[in-house]
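Here is a short report on one protein chain. It takes up pockets, domains and a few loop residues in turn.

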Amino acid sequence: MQQIKVTPAAVLKPKPDQSKLGFGKYFTDHMFVMDYTDGIGWHDPQIVPYGPIPLSPGALVLHYAQETFEGMKAYPARDGRVLLFRPEMNAKRMSTSNARLYMPEIPVEDFIGAIRELVLYEKEWIPTLPETSLYIRPFVFATEEAVGVHPSKTYKFVVILSPVGAYYPEGMNPVKIMVEDFYVRAVRGGMGFAKTGGNYASSIKAAAEAGKKGYTQVLWLDGLERKYVEEVGAMNVMFKIDGEVITPPLDGSILPGVTRDSVLTLLKHWGVPVIERKLSIDELMEAGENGRLEEGFGTGTAAVISPIGELCYKDKKVTLGGFKTGPLTQKLYDTLTGIQWGDLKDEFGWVMELK
Ligand code: COI
């Protein structure tokens, strides 16, 4: 990557109250921007004041959604270090997503380099209260001015930063999940494995309808038979049935989550029986009704480990673990956040110090 040009903001914003951050409501003073032009490649990396991005109304992204994004966090260690968690996994996943959307890939070292420079430049914005962090949102979008459907000849890579607290208002308390039995999120051969806005756009109506009934999110079923459990949009899911943790396999329609992979690694390391296999909604609800469904939780960068307290499918409802956070869910949360915040030994080489 070329040298990053820095243009400091003329006026810095006041920092928000760390106890009232919520998720994704505040943004820091600067952002990273880099352009791509066919025949030239990625060029002109810059850190500029956070603000509107000039975009033609004819920009391809506005019409055909040629766009990808990532979600990461910078964690404040007690000893003053700034830590990232497995950033190369996000960099590689963005490459996979970009390839699916027929967009240029960003070299892993440039992706991480952009984040390093921006986060260190905005270090003062990293919140320090427990369970807060600096959320990192890298994204790439098509900027060519044209309305014919074709791959754009120009793109922008942008990184913005947001000091955040818990993703769900429930925090670490169990969430209620509605199993979606009509809409589907992704089909095999589609874009389910890619982190692209379209997957999330198609989820908004279902989530809004579930929200009106008091549910925090929807659990998607497979797009072919609406029979097998897939994911919860903002997180992957795992269920502990009869002592074994079950999570759906990565078969193309599910996002390959960084937290998902880390949890699988931790469970195997602890000797907890764990399997990636298809799990039908009937099997899941039956286990819930028979008292064999011990715990359920979502995994994601934003959501971390989020306990599931209730599942509703058609006219059936099951409560998981008495609507309390289960012991394995809590242990996973404590271990993962302990490693991410630098309080626990990083046995797996997951943490990268920014300096
Ligand atoms: C993340 O977990 O970082 C995500 O990108 C999910 C998003 C919907 C908040």
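## A pocket between the domains

In this predicted model, the second largest pocket lies between domain 1 (5–164) and domain 2 (175–340), because both give residues to its lining. The space in the second largest pocket comes to about 270 Å³.

Its lining has 13 residues. Arg78, Pro130, Glu131, Trp341 and Asp343 are the ones nearest the centre. Helix H8 (residues 327–340) is the top contributor to this lining, giving 4 residues. Sorted by class, the lining of the second largest pocket holds 6 nonpolar, 3 polar and 4 charged residues.

## The largest pocket

The largest pocket contains about 590 Å³ of space. Its lining is made of 35 residues. Nearest its centre lie Arg137, Tyr167, Lys195, Tyr200 and Ala234. Several elements give two or more residues to the lining of the largest pocket. They are strand E7 (133–142), strand E8 (154–164), helix H5 (204–212), strand E10 (217–219), helix H6 (258–270) and strand E14 (293–300).

Which domains supply the lining of the largest pocket? Domain 1 (5–164) and domain 2 (175–340) each provide at least three residues. By class, 19 residues of this lining are nonpolar, 12 are polar and 4 are charged.

## How the domains meet

The protein chain is split into domain 1 (5–164) and domain 2 (175–340). Their C-alpha centres are 27 Å apart. Contacts link 22 residues of domain 1 with 22 residues of domain 2.

How much area do domain 1 and domain 2 bury between them? The figure is about 1,900 Å², with 61% of it on carbon and sulfur atoms. On the domain 1 side, Phe85, Arg93 and Arg100 lose the most area to domain 2. Together these three residues account for 34% of what that side buries.

## Lys25

Where does Lys25 sit? Its place is the loop between strand E1 (5–6) and strand E2 (30–37). Lys25 has a relative accessible area of 52%, so it is exposed; the cut-off for exposed is over 50%.

Beyond its neighbours within four places in sequence, Lys25 is in contact with Lys20 and Ser162. Thr265 lies 240 residues from Lys25 along the chain. The C-alpha atoms of this pair are separated by 32 Å.

## Two residues with positive phi

Most residues other than glycine have a negative phi. Tyr102 has a positive value, with phi near 60°. Tyr102 belongs to the loop between helix H2 (87–100) and helix H3 (108–121). Is Tyr102 buried or exposed? Its relative accessibility is 62%, so Tyr102 counts as exposed.

Lys314 also has a positive phi, near 55°. The loop that holds Lys314 runs between strand E15 (304–313) and strand E16 (316–319). Lys314 counts as exposed because its relative accessibility is 53%.

Key. Residues numbered from 1 in each chain as written. Predicted model: local features only at pLDDT ≥ 70, side-chain atom pairs only at ≥ 80, totals over all residues. Heavy atoms only, no water. 1 Å grid on protein atoms, 1.4 Å probe; cavity = no way out; pocket = protein on both sides within 12 Å on 5 of 7 lines; lining within 4 Å. Points joined across faces, edges and corners; volume = space filled by probe spheres on them. Nonpolar A, V, L, I, M, F, W, Y, C, P; charged D, E, K, R; others polar. Domains from an automatic or database assignment. Buried < 20%, exposed > 50% of the residue type's maximum accessible area, 1.4 Å probe, protein only. Contact = heavy atoms within 4.5 Å. Buried area = accessible area lost by both parts, 1.4 Å probe.
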